Amino acid sequence: MALAAREDLEALVESDESFARALAMREDFQAARLNRAGVLMRLGRLPEAIAAYRDWLTRAPQDDADRRAVERQIATAESLERAVREALPDGTSEPGGDGR
């Protein structure tokens, strides 16, 4: 079971790297930006996911069909981020961190 989880994690990291490369080559590649945000979310990299979703929103047309779903993802990520912060000891910014 642990092997499958590690393979899933490796696949997510590879996906993140692929989407980042695609965006480096073509900054206007909105599908890659949105997919990368979802991967970052699944990796638990919430601040990066929020930033990627917000970046997508600033570039997407106002009538884009995915806009509401992206707004919900941002709200979910922000809620998770608050819950993690509240669960951590005072002065830390991430699990295992010492606040530095």
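This is a predicted model: local features need pLDDT of at least 70, side-chain atom pairs count only at pLDDT 80 or more; totals for chains, interfaces and linings use all residues.
Residues are numbered from 1 along each chain as its sequence is written, and side-chain values use heavy atoms, without hydrogens and water. Local features need pLDDT of at least 70 and side-chain atom pairs count only at pLDDT 80 or more, while totals for chains, interfaces and linings use all residues.

Biologist: How are helix α2 and α3 oriented to each other, roughly parallel or roughly antiparallel?

Modeller: Helices here are DSSP runs (H or I, at least four residues) numbered from the N terminus, and axes are lines fitted to C-alpha atoms over the stretch in contact, with angles from 0 to 180 degrees between N-to-C directions. The axes of α2 (residues 30–42) and α3 come within 8 Å and cross at roughly 155 degrees. Because angles over 145 degrees count as such, α2 and α3 are roughly antiparallel.

Biologist: At roughly what angle do the axes of helix α3 and helix α4 cross?

Modeller: Contact, meaning heavy atoms within 4.5 Å, joins residues of α3, including Ile-50 and Trp-56, to residues of α4, including Ile-74 and Leu-80. The axes of α3 (residues 46–59) and α4 (residues 67–87) come within 9 Å, and they cross at roughly 155 degrees.

Biologist: Which ring lies under the charged end of Arg-26?

Modeller: A charge sits over a ring if NZ of Lys or CZ of Arg is within 6 Å of the ring centre and within 35 degrees of the ring normal. The charged end of Arg-26 is 4.7 Å from the centre of the ring it sits over, that of Phe-29.

Conventions:
Helices (H or I, at least four residues) and strands (E, at least two) are DSSP runs, numbered from the N terminus. Angles under 35 degrees count as roughly parallel, over 145 as roughly antiparallel, 65 to 115 as roughly perpendicular and the rest as oblique.
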